[in-house]
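Take a look at the sequence and the model below. Then read on for a short tour.

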Amino acid sequence: MSVSSQTTQTLLKSPSPRDVILLRARGHLGLLFSLSIMGTLLFLAVAAPLLSPHDPYLQDLANRLQSPVFLGGSWEHPLGTDHLGRDYLSRLLYGAQISLLIGFAAALISGLIGTTLGVLAGYFGGRVDLIVTFLINVRLAMPVVLVALALVALFGGSLLVVILVLGLLLWDRFAVVLRSATMQVRSMEYIAAGQILGTRLPRLLAKDVLPNIADSLIVIITLEMAHAIILEAALSFLGLGVQPPVPSWGLMISEGKEMLFFQPWLITIPGIALFVLVLAINMLGDGLRDVSAPEGRN
Amino acid sequence: MFIYTLKRLLLAVLVAVTVSFISFSLLFLAGDPAIAMAGEGATEQDIEAIRSLYGFNRPFVIQYLDWLLRAVSGDFGDSFYFKTPVIDLIAAHLPVTMTLGVLAITFALCVAVPLGVLAATRPNSFVDRLCLFFSVMGQAMPSFWFGLVLIMIFSIWFRLLPASGADTWKHFVLPTIVLGYYAMPAIMRLTRAGMLEVLSADYIRTARAKGLSQNKILFKHALRNAIIPVVSLAAVQLGFMLGGSIVVESIFALHGAGFLAWESIARNDFPTIQALILVFSMFYIVFTFCADVANAWLDPRMRVN
């Protein structure tokens with residue numbers, strides 16, 4: 001057997017990065033755990049119309065504040081009913097739709113803004129970097145909750161407004177992290193090679209820069225999804241987010257806080273739901289970072 | 001050092017002016033404020049009267065410059081709702097928020113720094129895992145929910161602490177815990193990372209070789225160096241906290257500036273909202289400026305960038 005074919009064989013045998021990532025993912029308990037929770041929550045949200053036992057908006061004042069089944073309630077309302085007699089399980093399931101939608105959409109918008117700014121600043125440096133750094137500083141100086149509340153109050157608390165406001169406010173971390181990640185990638189030789197070969201800029205950014213900062217990007221996307229979900233809940237809790245009767249988890253906690261004394265489960269149930277969702281998203285981000293990090297890929 | 005401070009100051013001023021412009025424009029984003037103020041059923045004359053009374057009929061830039069010049073001297077106009085000067089309202093409410101912020105950051109530092117040091121001296125130990133667990137919990141638990149759960153436990157079940165108000169020190173215990181808890185993970189991580197780095201430095205090995213006790217090495221030699229970035233992080237966190245205390249203040253009915261902001265937003269009291277956004281931003285800008293300059297002063301390498 002000739003030397004060259006031996007080399008080819010070893011090359012063929014060495015697993016591709018994708019295989020390595022899959023192999024590592026299979027052994028990463030946190031990632032598998034968070035993926036299964038996220039999968040379950042996504043399924044529950046999408047299938048909410050099929051799974052919920054009642055209409056989440058249907059009021060039944062005769063049956064208000066029924067206890068959940070684990071506190072001696074009936075299976076008719078497994079998680080009880082709220083102060084207007086609406087089925088709590090149904091509201092919780094539909095609430096998952098709201099939280100996930102806001103998480104995805106807000107992270108998408110802020111990701112687009114922040115990634116563009118960060119990559120441009122990191123790649124071009126100089127004056128562009130100065131402007132982007134300035135924009136980041138301005139954004140960080142503004143109190144997020146206060147500005148978001150004011151904007152939602154001005155434009156009305158529809159789902160779309162909340163998504164847009166959060167998307168336009170939460171891009172700072174994308175910009176900060178991707179700026180420094182791009183700076184590192186920019187000093188690599190393959191970028192210099194691409195420039196010498198005359199690769200067009202958009203192609204260079206999309207094909208050479210972006211894939212190499214993707215692992216930071218994924219982590220920030222999950223962090224900001226979690227951030228957006230918590231902020232939406234906080235805005236709705238303060239009464240200036242998604243408006244009633246939409247079953248947002250933050251709004252459910254807000255409505256339940258009046259009954260804190262006798263019906264503490266009214267705030268515990270949506271609180272735990274929020275906690276589990278955000279925890280799963282954060283663990284997913286950590287797990288993805290672990291398996292996709294270039295170091296130790298072999 | 002002088003040049004660095006000057007550059008940093010210029011950036012701070014530019015950021016402050018931009019933020020002031022944004023907070024002023026907020027009022028005009030949703031349309032004509034005069035129509036909103038006149039309310040339903042107002043005639044064209046009413047709206048025109050409000051326009052000239054508040055000067056809304058002047059060009060936008062003139063209105064902004066006028067507002068900015070007055071704001072610099074502390075005049076934010078009168079509150080639409082209370083009809084009293086906004087600056088008096090803020091002066092009356094700010095002490096509560098400041099007290100809460102300072103208490104919370106002190107609490108966070110007192111808990112997070114020792115934990116970070118402990119975690120760094122025993123990496124991957126039980127303490128280290130526990131610290132990680134608490135920071136993961138903090139990331140996933142919404143502050144308003146955490147606050148309500150604390151009220152449920154300490155005010156309703158055990159009746160130890162009051163749930164709302166700002167009269168005695170007891171009223172500040174739960175809000176301090178809630179607000180401080182969210183500053184802890186970052187402080188803990190930074191202390192841990194800094195200590196790990198410092199502990200592997202040559203001068204620590206020298207100190208060990210000299211036969212110094214572990215405590216002396218940790219607190220006299222290592223922590224002193226590792227704490228520098230933590231202090232500046234704490235300054236930045238305090239800036240964030242003042243702006244973020246709105247949620248905590250609303251749960252515990254602490255009548256601070258955050259609570260005022262919440263009420264003002266609900267009442268469309270624009271002069272107050274504009275002023276509060278600006279004031280909170282100023283705190284953040286001043287704190288980060290001080291933190292950066294202090295950092296550069298203590299660590300000359302920072303001045304290069």
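## About the model

This is a predicted model, in which local features need pLDDT of at least 70, side-chain atom pairs count only at pLDDT 80 or more, and totals for chains, interfaces and linings use all residues. Residues are numbered from 1 along each chain as its sequence is written, chains are lettered from A and ligands numbered from 1 in the order in which they are written, and side-chain values use heavy atoms, with hydrogens and water left out.

## Chain B as a whole

Chain B has 13 helices and 0 strands. Helices (H or I, at least four residues) and strands (E, at least two) are DSSP runs, numbered from the N terminus. Along the sequence, the pattern reads α-α-α-α-α-α-α-α-α-α-α-α-α. The C-alpha atoms of chain B fill a box of roughly 85 × 60 × 30 Å along the principal axes.

Chain B has 305 residues, and 48% of them count as buried. Buried means under 20% relative accessible area, exposed means over 50%, and partly exposed lies in between (1.4 Å probe, protein chains only). Now take the contacts, meaning heavy atoms within 4.5 Å. Among contacts in chain B with a separation of 6 or more, 72% join residues 24 or more positions apart.

## Where the two chains meet

How many residues of chain A are in contact with chain B? There are 37, and they touch 39 residues of chain B. The size of an interface is often given as the accessible area lost when the parts come together. Here the buried area is about 3500 Å², and carbon and sulfur atoms give 85% of it. Buried area is the accessible area (1.4 Å probe) that two parts lose on being put together, summed over both. A:Leu146, A:Leu154 and A:Phe275 supply 17% of the area that chain A buries against chain B, more than any other three residues.

Between the chains there are 0 salt bridges. A salt bridge is a side-chain nitrogen of Lys or Arg within 4 Å of a carboxyl oxygen of Asp or Glu. The chains do share 3 residue pairs in polar contact, with both residues at pLDDT 80 or more. A polar contact is a pair of N or O atoms within 3.5 Å; within protein, one must be able to donate a hydrogen and the other to accept it, and residues adjacent in sequence count only if both atoms are side-chain atoms. On the side of chain A that touches chain B, helices H6 (126-141), H7 (144-155), H11 (201-237), H12 (249-256) and H13 (265-292) of chain A each supply at least two residues. That side divides into 31 nonpolar, 5 polar and 1 charged. Ala, Val, Leu, Ile, Met, Phe, Trp, Tyr, Cys and Pro count as nonpolar, Asp, Glu, Lys and Arg as charged, and the others, Gly among them, as polar.

## Charged pairs

Side chains of opposite charge can pair when their charged atoms come close. The structure holds 14 salt bridges over all chains. One joins A:Arg86 and A:Asp82 at 3.0 Å, N to O. Both A:Arg86 and A:Asp82 are buried. A network of salt bridges links A:Asp82, A:Arg86, A:Arg91 and A:Glu255.

Another salt bridge joins A:Arg139 and A:Asp172 at 3.2 Å, N to O. A:Arg139 lies in helix H6 of chain A and A:Asp172 in helix H9 (residues 172-186) of chain A, so the pair ties together parts 33 residues apart in sequence. Both A:Arg139 and A:Asp172 are buried.

In chain B, the side chains of B:Asp292 and B:Arg8 meet at 2.6 Å, N to O, in a salt bridge. B:Asp292 is in helix H13 (residues 270-298) of chain B and B:Arg8 in helix H1 (residues 2-29) of chain B, so this pair ties together parts 284 residues apart in sequence. B:Asp292 is partly exposed, at 27% relative accessible area. B:Arg8 is buried, at 10%.

## Cysteines

The whole structure has 0 disulfides. A disulfide is a pair of cysteine sulfur atoms within 2.5 Å. B:Cys110 is exposed, at 53% relative accessibility, whereas B:Cys131 is buried, at 6% relative accessible area.
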